[in-house]
Structures are given as C-alpha cells and as structure tokens.
Amino acid sequence: MYVLLAASTALADGSQQARHTPPLPKYQQECASCHIAYPPGLLPSASWQRLMNNLPRHFGVDASLDDATVKELSAWLTQHAGTGKRMQSTPPEDRITRSAWFLREHDEVPAATWQRAAIKSASNCAACHPRADQGAFNEHDIRIPR
C-alpha cells in the first residue's frame, strides 16, 4: 500500500493548530472553484505569500481576486501555514507536489500512476484521497483509480 500523508491526523508540520484548522469559507469559495482548497499547513508562510501575490500568473492561469479578498485569504493562509521541521525548506516553485515531505510520502507511487486518465497529475489529490476536499489524507482511505 502506498504510504501517503495523513493530513487529517498530522499535517505537514505536525502541530495541533494545523491539524484542526477550520476551513475559511471564502478560501473554499475562491480556491476550490478550480482545485481542492489545499490545507494551509501543506506550505510554509513564505510560499503562501508568494502565491497570493502572484495570482494573475497562478500556475499559468489568471486567478486574480479583489484586494480585500487577497488580504483576507493571505492573512488566513499565512496564519495557518505549515511550520516546523517539514517546512524548513521552501518547495521549488512553491508547489506542494515538489516539497520534500510530499515526495517522501509518495515515493512508492510509480510515475505511470500519476499519468492515469483518472489522476492526471500529483496535484489532483482528490483522485486518490476521496476526502481531500475536507483536508483528510489518511492512508487508510486511499483509493487509487485504475
């Protein structure tokens, strides 16, 4: 079985606060319209700041928001960002899927798995984690599409 991040019981930084961060409705509304609203504890504060400051060029898409929304989401994301040992290094391009902890947790997943039509990429957490939209990544709940 693939050993994957169990965010519902231990987010990237392992802190109690990060584990129980209630979702911000505006974050869900704005970010989950294109992808899952990734738990803020999966990236360090500096990554969230850069991502929020670069929304017009958000991974090749214009995800611009009004200034008040950017301010609100930025404050929430940085307040609940990952800290601790797993967040000591910023992932390349501020991508969760390129972070050292993500690569370690998914090292048993063959490259061909990411290319399956039902998965498409490592950033499609919901393909294998049915409760990813709730921030739950428990390895016992994993269902890898064929």
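Which residue does the side chain of Glu105 meet in a salt bridge? Select Glu105 and Arg86: their side chains form this contact, with 2.9 Å from N to O. A salt bridge here is a side-chain nitrogen of Lys or Arg within 4 Å of a carboxyl oxygen of Asp or Glu.

The model is predicted, so local features need pLDDT of at least 70 and side-chain atom pairs count only at pLDDT 80 or more, while totals for chains, interfaces and linings use all residues. Residues are numbered from 1 along each chain as its sequence is written, and side-chain values use heavy atoms, without hydrogens and water.

Remain with the first pair. Glu105 belongs to helix H5 and Arg86 to the loop between H4 and H5, 19 residues apart. Helices are DSSP runs (H or I, at least four residues), numbered from the N terminus. Glu105 is buried at 15% relative accessible area, and Arg86 is partly exposed at 30%. Buried means under 20% relative accessible area, exposed over 50%, and partly exposed in between (1.4 Å probe, protein chains only).

Next, select Asp94 and Arg50, a salt bridge whose closest N and O atoms are 2.8 Å apart. Asp94 lies in the loop between helix H4 (67-79) and helix H5 (100-105), and Arg50 in helix H3 (residues 45-53), so the pair ties together parts 44 residues apart in sequence. Asp94 is buried at 10% relative accessibility, whereas Arg50 is partly exposed at 41%.

Then move to Asp141 and Arg131, joined by a salt bridge of 3.7 Å, N to O. Both residues lie in the segment after helix H6 (111-114), ten residues apart. Finally, select Glu93, Arg95 and Arg98, which salt bridges with shared partners join into one network.

Notes. Helices (H or I, at least four residues) and strands (E, at least two) are DSSP runs, numbered from the N terminus.
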